[in-house]
Amino acid sequence: MLEAAVIVAVPGSKSVTARALFLAAAAEGESVLRKPLLSDDTDGFAEGLATLGYDVHRAADSWRITGRPEGPSRPTAEVNCRDAGTAARFLPALASAGRAGTFRFDASAQMRRRPVAPLTDALRALGVDLTHEEAEGHLPLTVRAAGMKGGKVELDASLSSQFLTALLMTGPLTAEGLRIRVTGIVSVPYVEITLAMMRGFGVEVTREGDTFVVPPGGYRAADYAVEPDASAASYVFAAAALAGRTATVPGLGQGALQGDLQFVEVLRSMGADVEIGPDATTVTGTGGLSGVTVNMRDISDTMPTLAAIAPFADGPVRIEDVYNTRIKECDRLDACAENLRAQGIAVETGRDWIEIQPGTPAPVEIACRGDHRMAMSFAVAGLRTPGTTFDDPECVKKTFPGFHEFFAGVRAAWDV
């Protein structure tokens, strides 16, 4: 078979776009974000900033944000965080550092189910007047801002690194800075993204063992290029490995910020050829996939990608240390297991692991549970399972609007 190599441009990173929006809003002066992701999550984040009174101007390939180190310009606001964990965790922290105002944050039913307690407990410990209106530790919540002094605080980030990121980015807006002692942490590469981006906006965080030291003094505006989304690229790389084709994603190379690029190392361990260059990564499928046992604690957003293609390996695929995937848009361990079993695949799960046996998946309607990663992951596996359909194909708009058309284009380029 003649192999078709394809260069695939994936959209900007959701994680980087959300952090850049926060940092630009907090900085002194006007920042420009180049090639940000436009998705439901990032649109909701930008709308949230505008609702709080920040000046946000969006054009096709660049967004301009005029920062307000003193905080929101409006005395009151009601912010809809939609389905976005980043908005629901980052925006209340940003508002908490404001000098004055009362700000209410709510979200979709799906996001209301996801916890924010580790963050809001830490904000309260720092003196923030914050109340949960319904279930304690969940949205909706109201912040009554009066500035933040800063100081020492303890945080459990074992459920989500977003709690730590929210505090880290808020630190320079406090009067004294923050010393954040972390008692547990997950998805460490996402914290590394945060620290690198804070440097890009003029703040250097230091680390003393389990304590992050964030100086006061604020941010400076930046002209910031958003790199392609490594989590979205995982679908392209997995498809290449599964279909025996070659895919190159430009803009994600040796200097990439996002830890999810390490998903290609999992594919390498399963037999794919991988080349990570200075500014691009290429994956080539070699005609087969080997079984593997892998710890995905630090790249857990790519767990569903691997789980969906796991039946096509020649041995069991066991994914470990991914408990935090149970509190994402849905319980992803349970959702992956449900869909694989519906396809006739033998699956076992535990508190923080899933083990998938080889098999031939049957074409079924995938239960997406409103989770974009379920739809995109099983769309990749659909390369080898014609007739696969989805009960909620449009849930991909959360992070990758137009994914199905995009993926159809990749398939056409490969003739698969």
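Two strands pair if DSSP finds at least two bridges between them. The legends below describe close-up views of a predicted model.

**View 1. Strand β13 and its two partners.**
Strand β13 covers residues 211–214. Strand β12 (residues 206–208) runs antiparallel to β13, and three bridges join the two. β12 and β13 make a hairpin with two residues between them. Glycine 209 sits in this turn and has a positive phi of about 65°. Strand β11 (residues 178–185) is also antiparallel to β13, and four bridges join them. Here arginine 181 has threonine 211 of β13 as its bridge partner.

**View 2. The two faces of β13.**
In a regular strand the side chains alternate between the two faces of the sheet. On one side of β13 are Thr211 and Val213, and on the other are Phe212 and Val214. These residues are all buried, and both faces of the strand are covered.

Strand β4 spans residues 55–58 and strand β5 spans residues 62–66. The two pair in the antiparallel sense over four bridges. Arginine 58 stands opposite tryptophan 63 in β5.

**View 3. Arginine 113 in its loop.**
Arginine 113 lies in the loop between α4 (109–112) and α5 (117–125). Its relative accessibility is 57%, so arginine 113 counts as exposed. Arginine 113 and serine 62 are 51 residues apart along the chain, and their C-alpha atoms are separated by 33 Å.

**View 4. Aromatic rings around phenylalanine 403.**
The structure holds seven aromatic pairs. In one of them, the ring centres of tyrosine 235 and phenylalanine 403 are 5.9 Å apart, and the planes stand at 70°, so the pair is edge-to-face. This pair links distant parts of the chain: tyrosine 235 is in helix α8 (residues 230–243) and phenylalanine 403 is in helix α13 (residues 403–414), 168 residues apart. Both tyrosine 235 and phenylalanine 403 are buried. Phenylalanine 403 also pairs with phenylalanine 400; the centres of these rings are 5.3 Å apart and their planes are at 75°, so this pair too is edge-to-face. Phenylalanine 400 is buried, as is phenylalanine 403. Ring pairs link Tyr235, Phe400, Phe403, Phe406 and Phe407 into a cluster.

**View 5. Cysteines without a disulfide.**
A disulfide is a covalent bond between the sulfur atoms of two cysteines. With a cut-off of 2.5 Å between the sulfur atoms, the count comes to zero disulfides. Cysteine 81 is in no disulfide, and the nearest cysteine sulfur, that of cysteine 330, is 20 Å away. Cysteine 81 counts as buried because its relative accessibility is 1%. Cysteine 336 is in no disulfide either; the nearest cysteine sulfur is again that of cysteine 330, 7.6 Å away. Cysteine 336 is buried, with a relative accessible area of 0%.

**View 6. The largest cavity.**
Rolling a probe the size of a water molecule over the atoms shows where empty space is left. The structure holds two cavities of 30 Å³ or more. The largest cavity has a volume of about 260 Å³. Its lining has 25 residues, and Lys14, Arg114, Gln162, Asp301 and Lys328 are the closest to its centre. The elements that give two or more residues to this lining are α1 (14–26), α3 (85–96), α6 (161–170) and α12 (372–381). By class, the lining of the largest cavity divides into four nonpolar, nine polar and twelve charged residues.

**View 7. The second largest cavity.**
The volume of the second largest cavity is about 50 Å³. Ser13, Lys14, Ser15, Tyr190, Ile193, Asp229, Ser231, Gln258, Asp260 and Arg373 line this cavity. At least two residues of the lining come from each of α1 and α7 (188–200). The lining of the second largest cavity has two nonpolar, four polar and four charged residues.

**View 8. The largest pocket.**
The largest pocket contains about 260 Å³ of space. It is lined by 17 residues, and Val10, Pro11, Gly12, Lys35 and Val226 lie nearest its centre. Twelve residues in the lining of the largest pocket are nonpolar, one is polar and four are charged.

Methods:
Residues numbered from 1 in each chain as written. Predicted model: local features only at pLDDT ≥ 70, side-chain atom pairs only at ≥ 80, totals over all residues. Heavy atoms only, no water. 1 Å grid on protein atoms, 1.4 Å probe; cavity = no way out; pocket = protein on both sides within 12 Å on 5 of 7 lines; lining within 4 Å. Points joined across faces, edges and corners; volume = space filled by probe spheres on them. Nonpolar A, V, L, I, M, F, W, Y, C, P; charged D, E, K, R; others polar. Buried < 20%, exposed > 50% of the residue type's maximum accessible area, 1.4 Å probe, protein only. Phe/Tyr/Trp six-rings, centres within 6.5 Å; stacked < 30°, edge-to-face > 60°.
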